[in-house]
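Try each task before reading its solution.

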Amino acid sequence: MPHNLHIYNSLTSSKEKFKPLRNNTVGMYVCGPTVYSNVHLGNCRTFISFDIIFRYLKYLGYNVRYVRNITDVGHLEDNGEDKISKKAKVEQLEPMEIAQKYTNSFRNVIKKFNVLNPSIEPIASGHITEQITIIEDLIKKGLAYTSNGSVYFDISNYNQIDTYGKLSGRNLDKIKSNSRSLSSQDDKKNEFDFALWKKAEKNHLMKWKSPWSEGFPGWHLECTAMSNKYLGDEFDIHGGGIDLKFPHHDCEIAQAVGYTGKQPAKFWIHTNMLTLNNKKMSKSLDNNILPDELFSGNNKFFSKPYNPNIIRFFFLQAHYRNELDISENAIQASEKGFEKLVEMIDRINNLKASKNNNDDFFNQIKEWEKNCFNCLNDDFNTPMLIAEIFNSSKLIHQFEKTGAIGLREKDYFLTVLETLLNDILGINYNKSKSDNDSILEILLSIRDNAREKKDFDLSDSIRDQLNKLGIKLNDKN
Ligand code: AMP
Ligand code: ZN
């Protein structure tokens with residue numbers, strides 16, 4: 001399948017032509033959510049970015065095995081407490097109930113954004129034996145050591161066979177200890193060694209038997225175990241948000257190189273952050289918006305509900321490697337852009353087409369199509385692609401003026417747009433409004449009429465009942 005796809009590889013800091021390791025199959029691993037709370041819009045932006053990559057690789061004809069894991073163990077608070085266990089205590093549920101609850105909620109939300117299911121969605125706690133096997137191997141090779149029932153990766157020994165930190169370009173001297181993956185500095189030989197296995201404290205809820213102690217694996221190890229199990233020693237793409245580049249991904253590389261002797265992924269792809277008020281959206285800070293809050297209008301940052309399709313379109317108007325700040329003005333601009341897009345497609349549908357082919361127009365459409373795919377081939381440049389799609393308005397204008405478009409050209413034009421918007425960008429342009437949205441609009445217009453006629457019983461009743469459904473109305477007057 002000839003194509004000219006170039007991908008920015010974080011490992012080499014350059015755009016490289018994409019060629020899979022094995023014929024027409026592609027193995028892609030993306031770090032999934034930690035399921036101790038609801039995913040916020042920032043997390044969704046990252047998963048939508050990888051959805052575009054998945055869709056485009058499939059469009060190119062590749063057989064893609066897309067593995068996106070669920071992290072339900074090993075992700076620690078700064079004080080060493082497991083995030084899921086902590087939430088289990090707060091919500092008075094079993095840790096596995098917490099993990100299941102937020103896995104379900106993640107899947108529901110991501111579906112609303114029209115994100116395709118991965119091929120495999122492995123769960124960290126289901127792969128403890130695989131993680132123990134890797135640790136045993138690393139100990140045998142002198143790349144890990146035990147200490148008081150815990151096991152640590154030995155960075156200075158690793159540096160004899162490869163350089164730790166080459167993905168992020170961190171210099172060891174400057175590396176500060178990583179509080180996310182360990183709780184106690186004292187057990188380690190060097191401050192930058194990281195935990196592969198942690199002995200559990202007495203009250204720790206999620207623990208497993210191992211040759212070293214009853215405990216749990218370090219967070220970095222699960223991704224090495226699951227990517228290796230499902231994609232092999234070497235695979236094509238590893239992805240995640242840019243905040244995972246260090247230490248998580250550098251640790252993954254070290255573990256995998258130590259275990260297999262091979263570099264695990266050929267391409268590393270990192271997505272940039274969604275910000276709110278120019279600060280990284282984050283689960284732990286009070287600086288996040290949950291998707292459902294945005295869809296229902298029930299949040300303190302936005303005055304009305306927004307459709308997931310519009311939010312997806314808004315995300316795609318920025319390149320995945322650029323930071324993006326979310327604000328009501330920006331989303332409203334996307335909403336207007338989306339309406340323009342739908343109008344444009346209506347104009348094509350309304351073109352009067354004859355049975356006679358028009359080769360000149362056909363070539364112009366094909367030229368435009370080529371430009372569109374050039375954008376995707378340039379590191380999945382969706383904002384450029386959307387600009388190019390809007391550019392087709394000039395063609396439409398010309399066709400409207402001359403009225404000489406043939407059925408063949410019209411069909412081809414619509415098919416290309418449908419492929420780009422529906423199949424690759426995952427935007428249901430003909431479904432910009434769900435039935436619920438349309439019903440809501442009818443209700444709101446009935447309520448506006450009632451308010452004009454000063455029928456406040458009716459208008460208040462509509463407001464209160466919508467409120468009960470989580471839909472908040474902000475009356476500006
Ligand atoms: P977590 O559940 O925290 O492990 O995050 C799941 C994914 O979301 C990871 O790939 C993170 O890098 C990514 N992520 C976290 N915060 C943001 C953000 N503000 N914008 C974009 N992606 C994010
Ligand atoms: Zn990971």
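Helices are DSSP runs of H or I with at least four residues, numbered from the N terminus. The model is predicted, so to speak of local features requires pLDDT of at least 70. Residues are numbered from 1 along each chain as its sequence is written.

**Exercise 1. Describe helix H13 and what follows H13.**

Step 1: take the length. H13 covers residues 407-424, 18 residues in total.

Step 2: check the span. From first C-alpha to last, H13 reaches 24 Å, close to the 26 Å expected at 1.5 Å a residue. The expected span is 1.5 Å times one less than the number of residues.

Step 3: find the buried residues (under 20% relative accessible area, 1.4 Å probe, protein chains only). Among them are Phe413, Leu414, Leu417 and Ile424. Glu409 and Lys410 are also buried.

Step 4: ask what covers them. The cover of the buried residues includes H1, H10 (328-349), H11 (359-377) and H12 (382-402).

Step 5: look past the end. Gly426 follows H13, and its phi is positive, near 70°.

**Exercise 2. Where does the largest cavity lie?**

Step 1: find the lining. Residues lining the largest cavity include Arg45, Ser49, Phe315 and Thr382.

Step 2: assign helices. H1 (41-59) and H9 (308-316) each supply at least two lining residues. H1 gives the most, with 4 residues.

Step 3: compare domains, whose bounds come from an automatic or database assignment. Domain 1 (6-271) and domain 2 (275-429) both give lining residues, so the largest cavity lies between them.

Cavity rule: on a 1 Å grid over the protein atoms alone, a cavity is a set of points where a 1.4 Å probe fits but cannot get out; lining residues have an atom within 4 Å of a point.

Conventions
Chains lettered and ligands numbered in written order. Predicted model: local features only at pLDDT ≥ 70, side-chain atom pairs only at ≥ 80, totals over all residues. Heavy atoms only, no water. 1 Å grid on protein atoms, 1.4 Å probe; cavity = no way out; pocket = protein on both sides within 12 Å on 5 of 7 lines; lining within 4 Å. Buried < 20%, exposed > 50% of the residue type's maximum accessible area, 1.4 Å probe, protein only. Contact = heavy atoms within 4.5 Å.
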